[in-house]
Amino acid sequence: MVLDFLKSWKKEKKIGLALGSGAARGWAHIGVLRYLNEAGIKVDYIAGTSIGALVGASFSLGKVDALEQFALHLDWRQILSFLDVTFPASGLIEGKKISEFVREHLQETAVLEKMPIPFCAVATDLNSGTEVCLAAGDLLEVIRASISIPGIFTPVKSEGKLLVDGGLVNPVPVSVVRQMGADFVIAVDLSHGFPRMDGVGHHPAPEEETQGPEEVDTDQSDHTGVLKIVSGFKERISLLNAQSLLRNWTKKEPTLNIFEVILSSINVMQAQIASAKLALDPPEVLIQPRLSHMGFMEFNRSREAIAAGYRQARSQLEGRG
């Protein structure tokens with residue numbers, strides 16, 4: 001099996017980890033990392049795109065456990081607290097509160113050159129349309145750039161570049177981690193599968209996916225995700241005198257919100273790009289957690305995502321479900 005092969009892997013050969021984009025589905029990366037740690041697999045290089053950059057940086061700094069605890073206790077009230085709306089502007093969310101969270105979570109001012117495990121985040125330069133591999137500089141700015149979903153987060157200006165989510169050009173950065181020096185790449189792809197957009201609220205997981213590596217409590221969707229986001233959004237733009245406009249909009253389209261529409265649209269594109277890139281440069285191990293039931297803004301469903309990541313990593317590396 002792959003796991004036995006990796007354990008006998010020669011020390012001079014390097015293992016790389018490519019963590020893909022996927023918004024709330026990104027919590028699955030935590031489950032994958034938990035499994036790799038339990039299996040004793042040493043990772044030498046990490047490349048991450050969007051949410052993969054956040055989780056990958058936490059892993060490099062040895063802070064995945066703290067991130068997991070945050071994710072497990074995340075509810076809709078906390079999610080809404082991150083929506084520092086700037087409408088109308090170059091993005092609906094300014095991103096300062098996200099940056100504050102990242103700084104508080106890392107509890108240090110880290111620079112990429114000094115990361116315990118070499119790390120690179122992928123972003124996209126809107127001015128040129130090219131991929132930007134961020135392997136130097138302030139970690140906070142790098143993560144903020146990589147997670148800047150166009151239309152939702154305002155772009156990050158850096159050295160003449162206008163940086164947004166790296167998923168636009170490289171959703172699963174296998175090529176990046178190879179360039180860093182990896183001989184054997186384990187990649188996590190979250191871009192396949194699309195949650196239905198014609199129904200309100202919780203997208204139930206298939207029965208076989210509700211069981212985690214140990215015991216998983218999946219009762220995290222006490223509230224209707226879509227309606228909670230819309231409600232919070234209404235509160236935060238009330239100062240712009242747009243509340244009545246939004247009220248009329250939500251009456252007409254009660255099942256949709258701009259966040260899900262943008263994220264789902266981008267995911268359609270990213271899935272096509274990821275498929276093409278993975279075909280041209282396939283990783284040695286490809287982990288694709290089964291998360292098609294999960295909405296891209298359902299960050300409160302972390303237990304399901306983490307369990308799915310753990311389960312699929314075990315399946316791919318041990319050859320069992």
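**Strand and helix packing in the predicted model**

Both faces of strand E2 are covered: Tyr45, Ala47 and Thr49 on one side, and Ile46 and Gly48 on the other, are all buried (under 20% relative accessible area, with a 1.4 Å probe and protein chains only). Strands are DSSP runs of E with at least two residues, helices runs of H or I with at least four, both numbered from the N terminus. The structure is a predicted model, in which local features need pLDDT of at least 70 and side-chain atom pairs pLDDT 80 or more, while totals for chains, interfaces and linings use all residues. Residues are numbered from 1 along each chain as its sequence is written, and side-chain values use heavy atoms, without hydrogens and water.

Strand E1 (residues 15-19) runs parallel to E2, joined by 4 bridges; pairing requires at least two DSSP bridges. Ala18 stands opposite Ala47 in E2.

Helix H4 (residues 64-72) packs against helix H12 (residues 302-318) at about 135°, with the axes 8 Å apart. Axes are lines fitted to C-alpha atoms over the stretch in contact, and angles run from 0 to 180 degrees between N-to-C directions. Glu68, Ala71 and Leu72 of H4 meet Ser302, Arg303 and Ile306 of H12, with contact meaning heavy atoms within 4.5 Å.

Helix H11 covers residues 258-280. Its 23 residues, at 1.5 Å each, should span 33 Å, and the end C-alpha atoms are 33 Å apart, which agrees. The expected span is 1.5 Å times one less than the number of residues. Buried residues of H11 include Phe259, Ile262, Leu263 and Leu278.

Technical notes:
Buried < 20%, exposed > 50% of the residue type's maximum accessible area, 1.4 Å probe, protein only.
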